[in-house]
Amino acid sequence: MWYGTRLGAIRRQGSEWEYREGLRWLPGDEVLGVAVSGKTAWFATTAGIGAIEQSMTTLAEKAKFFESEIDQRHRRTEYGYVLGVHVNSPGDKSEWTQHDSDNDGLWTAMYGAGECFACAATRDPESCRRATAAFEALRFLGTVTQGGQHPAPSGFVARAILPRSGPDPNLQDSAERDQREQAKDPYWKVMNPRWPISADGKWYWKSDTSSDELDGHYFFYGVYYDLAAKTEQQKQAVRQHVAALTDHLIEHRFELVDYDGKVTRWGVFSPAKLNHDPRFWEERSLNSISILSYLQVAAHITGNPKYQRAAQQLIEQHSYAMNTLISKTNEGFGSGNQSDDEMAFMCLYNLVRYETDPQLRTMYATALRKRWEIEKPELSPLFDYIAAAVLNDKAGDSVDTLRRYPLDRFNWAIKNSQRKDLLSMPDYDERRALRGFRKNGRVLPIDERYVDHWNVDPWRLDYAGDGLYLADGASFLLPYYMGLYHGFVAE
């Protein structure tokens with residue numbers, strides 16, 4: 001049964017209700033008439049006639065579609081950093097413009113991790129090749145910072161790179177802009193230049209790398225080394241790169257230090273700050289998880305006992321294992337920070353799997369379980385499959401998210417706040433008027449909201465958008481292939 005309304009269309013099948021609103025689904029929101037023919041529903045709207053048609057596909061076919069899309073337009077520079085693109089006309093893929101982001105390393109790492117799981121689950125040589133290409137892209141972020149007029153310490157990885165043949169990014173990311181940001185945030189760094197030039201003069205590289213970059217890097221290195229690095233030469237390249245990055249953190253007292261000799265804005269993992277400086281209380285649990293995970297990944301990949309000793313120092317002298325048990329700094333479901341969730345789950349995936357001490361492993365698994373209990377209603381297949389794989393538990397209902405994950409990746413505007421079938425957030429949420437959930441306690445299905453990466457707030461009801469940004473499909477590929485590898489997904 002289809003219902004036309006003044007703001008979108010409603011579909012009912014059995015006990016399921018679906019809301020179809022915005023340019024993802026309709027040419028106009030005011031529906032004047034509906035006609036159904038077989039599996040196609042036609043809509044007369046004030047902006048013209050549109051159709052919604054049912055067609056069968058498989059999750060594997062969806063994955064191949066997104067991989068093809070990424071190969072066609074979402075790889076930036078010769079190293080293939082994966083990111084969304086801007087288009088010239090709303091909803092038109094024919095012309096696009098690539099751009100950088102603060103997190104080129106993180107997004108490429110998460111895409112690459114998906115290809116690692118694909119390599120192991122499907123044994124497709126193309127997936128294995130894509131995984132190795134992602135490693136080379138991440139490794140170059142550590143190579144490009146060495147030498148030049150502003151050399152970074154050994155092991156420092158850049159956020160992103162841009163070719164010198166293009167515009168100078170320092171004109172936009174200027175010291176004057178940094179000073180304005182610092183006026184709002186006293187910890188914001190003034191970097192001049194924020195984009196130094198590489199030693200060979202070919203690249204700008206972005207400084208002030210953050211902890212979320214490292215979380216993505218180390219998550220990828222673990223699964224790449226275990227699942228996709230087939231030759232001794234490939235494994236040795238991972239060992240050398242991971243050792244350089246981890247040695248940097250140990251030598252700088254568990255901080256990420258930039259070319260200016262100072263810690264980056266978010267690269268703080270030291271006991272002095274996490275345990276004793278109240279200005280970093282919110283990072284205490286997450287960054288303790290992060291650094292312990294980095295050290296475990298390094299110990300697993302290199303076999304060098306010094307990384308295990310460094311972890312023991314943080315655990316025995318500075319209570320970092322206890323810090324991991326501090327749950328999210330929120331008041332209940334929906335009140336946390338999904339970007340932090342994304343980082344914590346990636347780090348805990350490797351931390352629990354690589355820990356050999358039974359007591360510590362139990363503590364880390366408990367930390368993940370506590371976070372997972374808060375995350376369940378968000379229906380993220382990434383969080384779901386990480387928790388199920390690490391905790392030896394059953395996967396949740398997030399396969400429905402993969403089924404509904406839209407092939408249309410444009411950032412169309414979406415409006416749900418007028419709906420009477422949704423509940424408002426609890427009183428502890430200051431943004432409760434703009435956020436809500438279904439009566440079953442879960443967030444809206446993914447085809448009724450917009451997701452670029454899994455750091456988005458799934459409790460939001462309305463999304464601004466103009467159809468001029470086309471996201472990639474990596475946020476589908478990683479959980480799909482992870483679920484396939486761990487046996488939570490089957491065709």
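This report walks through some backbone, sheet, salt-bridge and surface features of a predicted model.

Let's start with the backbone. N192 and P193 are joined by a cis peptide bond, with omega at about 10 degrees. You'll find P193 in the loop that runs between α4 (175-184) and β12 (203-205).

Two non-glycine residues also turn up with a positive phi. R253 has a phi of about 55 degrees, and it sits in the loop between α6 (232-251) and β13 (255-257). L379 likewise has a phi of about 55 degrees; its place is the loop between α12 (358-375) and α13 (381-391). As for cover, R253 is exposed at 67% relative accessibility, whereas L379 is buried at 11%.

## A four-stranded sheet

Next, an open sheet: four strands in the order β10-β9-β18-β15, paired antiparallel. β10 (96-97) and β15 (410-414) are the edge strands, and each has a single partner, so one side of each has no neighbour in the sheet.

Inside that order, β9 (residues 85-87) and β18 (residues 463-470) pair in the antiparallel sense over two bridges. Looking across from V85, the bridge partner in β18 is L470.

## Salt bridges

The model has 43 salt bridges. Take D104 and R76, whose side chains meet at 2.1 Å, N to O. This pair links distant parts of the chain, with D104 in helix α2 (residues 104-122) and R76 in strand β7 (residues 75-76), 28 residues apart. Both ends are tucked away: D104 is buried at 1% relative accessibility, and R76 is buried at 6%.

R435 and D457 form another salt bridge, at 2.9 Å, N to O. R435 is in the loop between β16 (422-424) and β17 (436-438), while D457 is in the loop between β17 and β18, so the pair ties together parts 22 residues apart in sequence. R435 and D457 are both buried.

Salt bridges with shared partners join R11, E16, E18, R20, D400, R403, R404 and D447 into one network. Within helix α14 (residues 399-404), D400 and R404 are about one helical turn apart because they are separated by four residues. Their side chains meet in a salt bridge at 2.9 Å, N to O. D400 is partly exposed, at 26% relative accessible area, but R404 is buried at 15%.

## A nonpolar patch

Finally, the surface. M1, Y3 and W17 make a nonpolar patch of about 350 Å². M1 belongs to the segment before β1 (2-5), and it is exposed, with a relative accessible area of 57%.

Conventions. Residues numbered from 1 in each chain as written. Predicted model: local features only at pLDDT ≥ 70, side-chain atom pairs only at ≥ 80, totals over all residues. Heavy atoms only, no water. Patch = residues over 30% accessible without salt bridge, like charges linked within 9 Å, V, L, I, M, F, W, Y side chains within 5 Å. Areas by Shrake-Rupley, 256 points an atom, 1.4 Å probe, with all protein chains shown as cover. Salt bridge = Lys/Arg side-chain N within 4 Å of Asp/Glu carboxyl O. Buried < 20%, exposed > 50% of the residue type's maximum accessible area, 1.4 Å probe, protein only. Pairing = 2+ DSSP bridges.
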